[in-house]
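Please open the model in your viewer and keep the sequence panel beside it. The tour below moves from one selection to the next and says what is there.

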Amino acid sequence: MKTSDFDYELPPELIAQTPAEPRDASRLLVLDRKGGKIEHRRFFDIIGYLHPGDALVFNDSRVIPARLFGLKKSTGARVEALLLLRRGFGEWQALLKPAQRLGVGAIVDLYDRSGSPSGQTLEVLSKSEDGTAVVRLSDENRLTELGILALPPYIHHQLSESEAERYQTVYSRIAGSVAAPTAGLHFTPELLKAIESKGVRLLFVTLNIGLDTFRPVKEEDPALHPIHREYAVLSAETAEAINQVKASGGRVFGVGTSAVRTLEWAAKNQGLPLKPFEGWVELFILPGFKFQVIDNLITNFHLPRGTPLMLAAAFAGWETLKQGYRNAVDERYRFYSFGDSMLIL
């Protein structure tokens, strides 16, 4: 298995720049991983594939305004910081630009979102060989006043404040992700209510998504790719509910690769039945992985050579998934974060 195996051709015009309106009007490609059958639906049709006694498991993490701007206090040079991972209150792993001019001890005076001085600062505490730094914010509680959403590099339209909620799921609750759990962007409150009324359980985990979600794997052997840690929470309530669904013959639908990583990490490290946990997840799912919890997967169309694509390939089988992707290109589906969705049965 090589990283280059996970390439595919995508016309640039199929990379979605804006989300569908309404959310559940996006298209849905339904892929049967056993027979390879493909159906074309709208996302709101997903309710027809759910049975009473099934469960949907969502990631309720909320995207933080992780991109910050300011001036280096000693020189007045312009600085940009991208928060990657929360290490403690006010303390973050981050990418800095220009990194070479920001040594340990450097202070940055941060702007607010209007571009005015905020009175808040960022201090560089340490730097690592991987190009990241550990920084301290003077008041993390004011982060929402300072930063903007760090959209993936393939989205060229910066969302306005009024549009920013479209890069959040309607059930987002726990702030901490750099990137959105995009498979959940298609759900509306009305669709969730209709699904629950059908006798399907709506369950939630939390995993704070980092930049790995849209960073390509650079090593030719994907097994050598370093996976960064992500903080996750599987509550006792959700663990017990999933155990009940599995015991009664219901199916567990993972809504997005982040929810899948949380559940499969718990099963891999703690065994079944599932047990609650809170801590760091470091799980890179490649073809050959044995899934123990999820039975079906709801996911978006992912970047070539990316870890989410490899997870979807592990679940569906790469040849079957490639067939689905080729069909999606032929049918002019919209790809990536603001794009259309796929249900893998």
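In which loop is the place of R305? Select the stretch between β16 (296–300) and α5 (307–316), because that loop holds R305, where helices (H or I, at least four residues) and strands (E, at least two) are DSSP runs numbered from the N terminus. Before going further, note that this is a predicted model, in which local features need pLDDT of at least 70 and side-chain atom pairs count only at pLDDT 80 or more, while totals for chains, interfaces and linings use all residues. Residues are numbered from 1 along each chain as its sequence is written, and side-chain values use heavy atoms, with hydrogens and water left out.

R305 is not a glycine, yet its phi is positive, at about 65°. With 25% relative accessibility it counts as partly exposed (buried is under 20% relative accessible area, exposed is over 50%, and partly exposed lies in between, with a 1.4 Å probe and protein chains only). Select R332 next, in the loop between α6 and β17; its phi, near 60°, is again a positive value in a residue other than glycine, and R332 is partly exposed at 44% relative accessible area.

Stay in the loop between α6 (318–330) and β17 (341–344) and select D340. D340 is buried yet has no salt bridge, and the nearest side chain of opposite charge, R334, is 4.7 Å away; a salt bridge is a side-chain nitrogen of Lys or Arg within 4 Å of a carboxyl oxygen of Asp or Glu, and Lys and Arg count as positive, Asp and Glu as negative, with His and the chain ends not counted. The side chain of D340 does reach the backbone nitrogen of R27, at 2.9 Å. Beyond neighbours within four places in sequence, the residues in contact with D340 (heavy atoms within 4.5 Å) include H186, N300 and Y333.

Now display the sheet, which is open and mixed, with nine strands in the order β2-β1-β17-β16-β14-β3-β12-β13-β15; two strands pair if DSSP finds at least two bridges between them. Its edge strands, each pairing on one side only, are β2 (38–42) and β15 (277–281). Inside the sheet, β3 (residues 55–59) and β14 (residues 252–255) pair in the parallel sense over three bridges, and V252 in β14 is the bridge partner of A55.

Finish with two peptide bonds: E21 and P22 are joined in cis, with omega about -10°, and the bond from K97 to P98 is cis, with omega near -5°.

Key: Polar contact = N/O pair within 3.5 Å; in protein donor to acceptor, adjacent residues only side chain to side chain.
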